[in-house]
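Q: Could you walk me through this structure, starting with how the strands are arranged and then moving on to whatever stands out?

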Amino acid sequence: MPKIKTNSGAKKRFALTGSGKIKRKHAFKSHILTKKTKKQKRNLTHFTTVAKCDRDSVLSLLALK
């Protein structure tokens with residue numbers, strides 16, 4: 001069997017933590033920021049983890065499953 005290629009878009013967007021969770025950035029922080037409040041933009045800055053229901057699909061894109 002040939003090796004499975006990693007999705008190049010996914011490898012730029014996701015990272016694994018030490019405990020095996022998948023780290024991701026929040027959406028809606030790239031443009032049209034004038035109508036968003038300071039609090040909203042500040043909260044979108046932080047990283048979060050991928051939900052349990054999406055974990056398997058992200059792992060397959062990263063060729064880890």
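**Strands, core and side chains**

A: Three strands make up an open sheet whose order is β1-β2-β3, with antiparallel pairing; strands here are DSSP E runs of at least two residues, helices are H or I runs of at least four residues, both numbered from the N terminus, and two strands pair if DSSP finds at least two bridges between them. β1 and β3 stand at the edges with a single partner strand each, so one side of each has no neighbour in the sheet.

Q: Before we go on, what kind of model is this, and how are the residues numbered?
A: The model is predicted, so local features need pLDDT of at least 70 and side-chain atom pairs count only at pLDDT 80 or more, while totals for chains, interfaces and linings use all residues. Residues are numbered from 1 along each chain as its sequence is written, and side-chain values use heavy atoms, with hydrogens and water left out.

Q: Fine. How many bridges join β1 to β2?
A: Two bridges join β1, residues 15-16, to β2, residues 22-25, and these strands run antiparallel. Leu 16 has Ile 22 of β2 as its bridge partner.

Q: What does the hairpin between them look like, and which residue there takes a positive phi?
A: The hairpin of β1 and β2 has five residues between the strands, and Gly 20 takes a positive phi near 95°.

Q: What sits over the ring of Phe 47?
A: The charged end of Lys 23 sits over that ring, 5.0 Å from its centre; the criterion is that NZ of Lys or CZ of Arg is within 6 Å of the ring centre and within 35 degrees of the ring normal.

Q: Switching topic, which residues form the largest nonpolar core?
A: The largest nonpolar core has six residues, namely Ala 10, Ile 22, Val 50, Val 58, Leu 59 and Leu 62. Such a core is a set of buried Ala, Val, Leu, Ile, Met, Phe, Trp, Tyr and Cys residues joined through side-chain atoms within 4.5 Å, where buried means under 20% relative accessible area, exposed means over 50%, and partly exposed is in between (1.4 Å probe, protein chains only).

Q: Take Leu 62, then: where does it lie, and what does it touch?
A: Leu 62 lies in the segment after α3, the helix of residues 52-61, and counts as buried because its relative accessibility is 12%. Not counting residues up to four places away in sequence, Leu 62 touches Thr 6, Ala 10, Lys 11 and Phe 14, contact meaning heavy atoms within 4.5 Å. Leu 62 and Lys 5 are 57 residues apart in sequence, yet their C-alpha atoms are 8.1 Å apart in space.

Q: What about Ala 10, which residues is it in contact with?
A: Leaving aside neighbours within four places in sequence, Ala 10 is in contact with Leu 61 and Leu 62.

Q: How many salt bridges are there in the whole structure?
A: A search of the whole structure finds one, formed by Lys 65 and Asp 56, whose closest N and O atoms are 3.4 Å apart. A salt bridge requires a side-chain nitrogen of Lys or Arg within 4 Å of a carboxyl oxygen of Asp or Glu.

Q: Are those two partners buried or exposed?
A: Lys 65 is exposed, with a relative accessible area of 61%, whereas Asp 56 is partly exposed at 42%.

Q: Back to backbone angles, which residues other than glycine have a positive phi?
A: Phe 28 has a positive phi of about 65°, and Ala 63 has one near 60°. Most residues other than glycine have a negative phi.

Q: Where are they in the chain?
A: Phe 28 is in the loop between β2 and α2, the helix of residues 38-45, and is exposed, with a relative accessible area of 66%. Ala 63 lies in the segment after α3 and is partly exposed at 30%.

Q: Last one: what is Arg 55 in contact with?
A: Arg 55, which is in helix α3, is in contact with Gly 20, Ile 22 and Val 50, leaving aside its neighbours within four places in sequence. Arg 55 counts as partly exposed, at 32% relative accessibility.
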